[in-house]
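Here's a quick briefing on a structure worth a look in your viewer. Have the sequence and model open as you go.

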Amino acid sequence: MPWANAHELRPGYLELRESAPETYEVLWKVPARGANERLGLFLRFAPDVEVLTEPVGGFQGGAYIQRMRIRRADGLDGTPVTVDGLDATYTDILLRFERGDGSVLTHRLTPQAPSYVIEARPGFGGVAWTYFVLGVEHILQGFDHLLFVLALLLVVAGWRRLVHTITAFTVAHSITLALATLGFVHVPGAPVEAVVALSIVFMAAEIIRERQGRRGLTARRPWVVALIFGLLHGFGFAGALSEVGLPQTSIPLALFTFNLGVEAGQLLFVGTIVVIYIIIRRLRITAPEWAWRLPPYAIGSIAAFWMIERIVGFWG
């Protein structure tokens, strides 16, 4: 079930770096399933591309990483790169092509378009759009982060307080996303993911307290809770971004647009929930007295499952 694993839809990463005229170092990173199983994704180059060294790979940090060296007369410009098996998944591949002159081309391979003909001239627009879309996709596929935001919406009363709370969450995870991605702070990914799930359990309990007339910390100081847990969630965003890497010549642009994409996806989610709420209010749907318990208990149960699963995964 896709909701049972909040980060099942992780992107892959393909780096082509020109190390000598017409010669390229290949780094191929495929998302792993467990300790020794990988997604069935396989690289395919044009027939006139010569493999100089046999692929060498192994599992590392939640991915299968493979390296090799290739060569093609006249370079790779204008040649196709294909990922076989991508059309049968929900995974994207970030392609990063670094030429000998330092210029960098980035592109996303998707299940709908698993092949790409390398362009002759890279541009900053391609980098910006690629990382913006990655940010949007990550937040919309990161069901744990969305559940946390949903819980905030259910606890915080009043538009002004809600805006302040969402702003605090945004500022906080933007800070830790930047610090972790740039290497200033390092936090192990597995414990972070477990505590992220725990933060959602906490928020579910806060919803119940509020409805029972016992104002918790979130109801009294929502921006404080959003700020604290936002710092934590930022490490989760950074973990996803580190899996695909940043273009070395465009790090500020890629980091900024990825974060912008995360915020755009978050605002899209919040806007959708608000519209649904307005529609329900206008339809004047009468729900039984106990119905208010369904959202917090559902949120808390799913988050508790994630927390246990991730803690068990420490020793998996």
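How many aromatic pairs does the count come to by the ring rule? The answer is six aromatic pairs, where rings of Phe, Tyr and Trp (its six-membered ring) pair if their centres lie within 6.5 Å. Bear in mind that this is a predicted model, so local features need pLDDT of at least 70 and side-chain atom pairs count only at pLDDT 80 or more, while totals for chains, interfaces and linings use all residues. Residues are numbered from 1 along each chain as its sequence is written, and side-chain values use heavy atoms, with hydrogens and water left out.

**Aromatic pairs**

- Y24 and F97 make a tilted pair, 5.8 Å centre to centre with 45 degrees between the planes (under 30 degrees counts as stacked, over 60 as edge-to-face, the rest as tilted).
- Y24 sits in strand 2 (residues 23–31) and F97 in strand 7 (residues 93–98), so this pair ties together parts that are 73 residues apart in sequence. Strands here are DSSP runs of E, at least two residues, and helices are runs of H or I, at least four, numbered from the N terminus.
- Both Y24 and F97 are buried (under 20% relative accessible area; exposed is over 50%, partly exposed in between, with a 1.4 Å probe and protein chains only).
- F59 and Y64 go edge-to-face, at 5.1 Å centre to centre and 65 degrees between the planes. F59 is partly exposed at 35% relative accessible area, whereas Y64 is buried at 15%.
- There's also one aromatic cluster, made of F148, F169, F202 and F229.

- Three strands line up in the order 3-6-9 as an open sheet with antiparallel pairing (two strands pair if DSSP finds at least two bridges between them).
- Strand 3 (42–45) and strand 9 (115–117) are at the edges with a single partner strand each, so one side of each has no neighbour in the sheet.
- From one strand to the next, the twist averages 15 degrees (axes are lines fitted to C-alpha atoms, and angles run from 0 to 180 degrees between N-to-C directions).
- Strand 6 (residues 80–84) pairs with strand 9 over three bridges, in the antiparallel sense. P80 has V117 in strand 9 as its bridge partner.

**Helix 3**

- Helix 3 (residues 159–181) has 23 residues and should span 33 Å at 1.5 Å a residue; its end C-alpha atoms are 32 Å apart, which agrees. The expected span is 1.5 Å times one less than the number of residues.
- Its buried residues include L162, I166, F169, H173 and L177.
- After helix 3 comes G183, with a positive phi near 90 degrees.
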